[in-house]
Amino acid sequence: MKIAVSSTAPGAEAQVSPIFGRCNCFVVVDTETQAVASLANPALGASGGAGIQSAQYIVQQGVQAVISGNVGPNAMQVLNAAGVDVYAATGGTVAEVVAALQAGQLEALTGPSVAKDFGKGGPMGGMGGGRGMGGGMGRGRGL
Amino acid sequence: MKQLVVLGGKGGTGKTTVVAALAQLMATEGRLVLADADVDAPNLGLLLAPEVLYGERFVGGSEAVIDETACIGCGTCQDVCRYDAVLATDGVYTVDAIACEGCAACHYACPAGCIDMEPAESGEWYRSMTRLGDLVHARLFAGQENSGKLVSLVRHQAQVLAQDRDARWVLIDGSPGIGCPVIAAVTGADLALMVAEPTVSGQHDLDRVLGVAAHFRVPAAVVINKGDINPGRSAEIEAYCRERDLPMLGVLPYDDAAMAAMRQGRTVTEASDGPLAQALRGLWAVLKPMLGQ
Amino acid sequence: MRLVIASGKGGTGKTLVATSLALVAAERATGSDALPALLDADVEAPNVALFVRAEVSETVAVERLVPVVNAALCTHCGRCAEVCQFNAIAALPTQTLVFAELCHGCGSCALQCPAGAITEEPQPMGRVTLGQAAGLRLGEGELQVGEAMATPVIRALKHEAQRRGWDGEALTIIDAPPGTACPVIEALRGADAALLVTEPTPFGLHDLRMAVEVARDVLGLPVGVAINRDDGGDGSVAAYCAQEGLPVLLRLPLEREIAAAYSDGQPLVTALPRYRPTFEAALDALLALAEEARP
């Protein structure tokens, strides 16, 4: 399984980042080969929609799970739509949180853990959220 | 670390005066990081005499630039632009940088490939030290857009700094209105304190800004400023809050001390022990437990 | 003739000044003159209608276009997400998500989609209300709560007024939003002169400087200053105006009666008629300033 961890720096020993959309780096760990790849976050300098852009980027990496301190609603929607599971980790290194996930110790996030950073959404407006097309919105891919 | 944002809906309700006083009271009890999210009219610094430790240009977006030498004069850019930002004078096409939204529609549509998107510097942000603690503030250049992005940047930097410093509080001075800068200031905060004015427009705008907080699921509380200017309307705001189960944290009196303190570059609680200063101390006493500490 | 009342800082008294100037102008307009208009362009906090009660004749929805992806035609090439500068589209391997709240309505995705799979649909973002009060035409723009972009609503307000010929020969007074960002620029664009309202405090001076930068330096408008809540205590605003050659066209004292009238939603010239000559003089001076600058 390929797992992307939002992190403060490259490498498996970096700390997990409390944020997703504007985190410094994504460390992708392949649990079968133990390969570790550190990717700069392309959305770091985005004016808006950083969560959407970074989530799309992570989906393109072909990962099956994401670990982050928090994930905003827009990013969560993109990850959900692509069938990527999302887990919360409040601290620790990339290697530690990946191990914790494999040991089944991380909480799966099903809704946004933080309010969205910018823009409209939520229950009042009726305009929030993406308009999906094609594919199912299904989740629940097993570990 | 708890984040408190102070908003007013309408401008001039006394947000900055309240923020400065709360900052002074917080600073006597623990470490705080201040964030001035009113990047259109950043006034907190005027009271706190910040020593700028770090400053950086802010690139808000990009703007289209047409290479006149390669332009074939087809006018496609003008056709696709929805912001009336492409001007044609005697067949020469140029971009009005102020009107340009940075959408790049012209860049992608130009058949001659002669339109580039260039980064637009639209402000500056700073990390400073003040007598009350760290201050993250910013300045948007005149007539620039993307103040929401600059506010997000200020918020983010304040949060990072607060984590580094192990601060107890991040105190955010918000901007007037309900648009992008306000949305950026309020999202993710633990509590929004609304400074309301007992005026017909103050009531109207309070309602709208409370709508924004509710929309982004940030709990709100209200304090009335200059309540004695119109006791009737002040009572109406209190009733409004009761009806909606909104915590009403008090009524601040009109006090010349506010203007006097501002002119001295001090917070009201530093400059005076009058009725306003005492009411502000009372406000902090009820606010603090709401921040879970 | 279009005059804009603006200020760098909120709460300095823009609406107070704009409503009284407009009421004075309305009294002056004789039968044959076209009615003067007052436009509330502070669309995030529109308050003019609380002071001048108008009979509403028309409400126009302000909409913006957002893309809709046709699933049957989409080839998932990702071009739409690539051209979107606002990250409002996520192109995933089997679906394309649109985040309407981030969309600026530029239309680039629809233009660039090679499969012709994107159409645009209008979505409400606010409204323009048009009406009439005694001797005055009134227009108000209102941004829907939760919407981020005020500028299109201001643009629509000006457009609707213009379309009905309110502009022409008659006077239009615009109450601008506070600050110096894009919505203010939209309110000021095309004005003949701007009156910047401030107060004699360090905050007032700081924000006046920023407003002058926008109105005079960026947009090249003739600019006058109004000093509100003048308690004679801080001469730095007046000194700055003198130094910059900015005429002070209106001064209002720091008076509890003024604050009380305002708090109850009464226009100043109605509540305290003794201020009428002050506003008449200010209006004349502002009109003269605008005339002078005309080619």
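Visitor: What share of the residues in chain A is buried?
Guide: Buried residues are 48% of the 143 in chain A. Keep in mind that this is a predicted model.

Visitor: OK. How many helices and strands does chain A come to?
Guide: Three helices and six strands. Along the sequence the pattern is β-β-β-α-β-α-β-α-β.

Visitor: And what about contacts between residues 24 or more positions apart in chain A?
Guide: Take the contacts in chain A with a separation of 6 or more. Residues 24 or more positions apart account for 51% of those.

Visitor: Pick a helix. How many residues of helix H1 of chain A are buried?
Guide: Nine of its 11 residues, so to speak a mostly covered helix, running over residues 50–60. Among the buried ones are Ala50(A), Gly51(A), Ile52(A) and Val59(A).

Visitor: What covers them?
Guide: Parts of two chains. From chain A, the cover includes strands E1 (2–7), E2 (25–30) and E4 (65–68), plus helix H2 (73–81). From chain C, it includes helix H3 (79–83) and strand E4 (89–91).

Visitor: What follows H1(A)?
Guide: Gly62(A) follows H1(A), and its phi is positive, near 75 degrees.

Visitor: New topic. How many residues are in the largest nonpolar core?
Guide: It has 168 residues. Val186(B) and Leu188(C) have the most contacts inside it. Helix H1 of chain C, residues 14–28, gives the largest share, nine residues.

Visitor: What does Leu188(C) touch?
Guide: Leaving out residues up to four places away in sequence, its partners include Val4(C), Ala6(C), Ala176(C), Val214(C) and Leu221(C). Another core lies apart from the largest one, with 74 residues. Val29(A), Cys110(B), Cys80(C) and Ala88(C) are among them.

Visitor: Now chain B. Which domains does the assignment give?
Guide: Domain 1 covers 2–49 + 131–290, and domain 2 covers 60–121. Their centres, taken over C-alpha atoms, are 41 Å apart.

Visitor: How many residues of chain B are in contact with chain C?
Guide: 48 residues of chain B, in contact with 49 residues of chain C. On the chain B side, the elements giving two or more residues are helices H4 (105–109), H5 (147–165), H6 (180–186), H7 (200–215) and H9 (257–264).

Visitor: Which gives the most?
Guide: H7(B), with eight residues.

Visitor: And how do the residues on that side of chain B divide into nonpolar, polar and charged?
Guide: 21 are nonpolar, 18 polar and nine charged.

Conventions:
Residues numbered from 1 in each chain as written. Chains lettered and ligands numbered in written order. Predicted model: local features only at pLDDT ≥ 70, side-chain atom pairs only at ≥ 80, totals over all residues. Core = buried A, V, L, I, M, F, W, Y, C linked by C-beta atoms within 7 Å. Buried ≥ 20, exposed ≤ 12 C-beta atoms within 10 Å, placed from the backbone. Helix = DSSP H or I, 4+ residues; strand = E, 2+ residues; numbered from the N terminus. Contact = placed C-beta atoms within 7 Å. Domains from an automatic or database assignment. Nonpolar A, V, L, I, M, F, W, Y, C, P; charged D, E, K, R; others polar.
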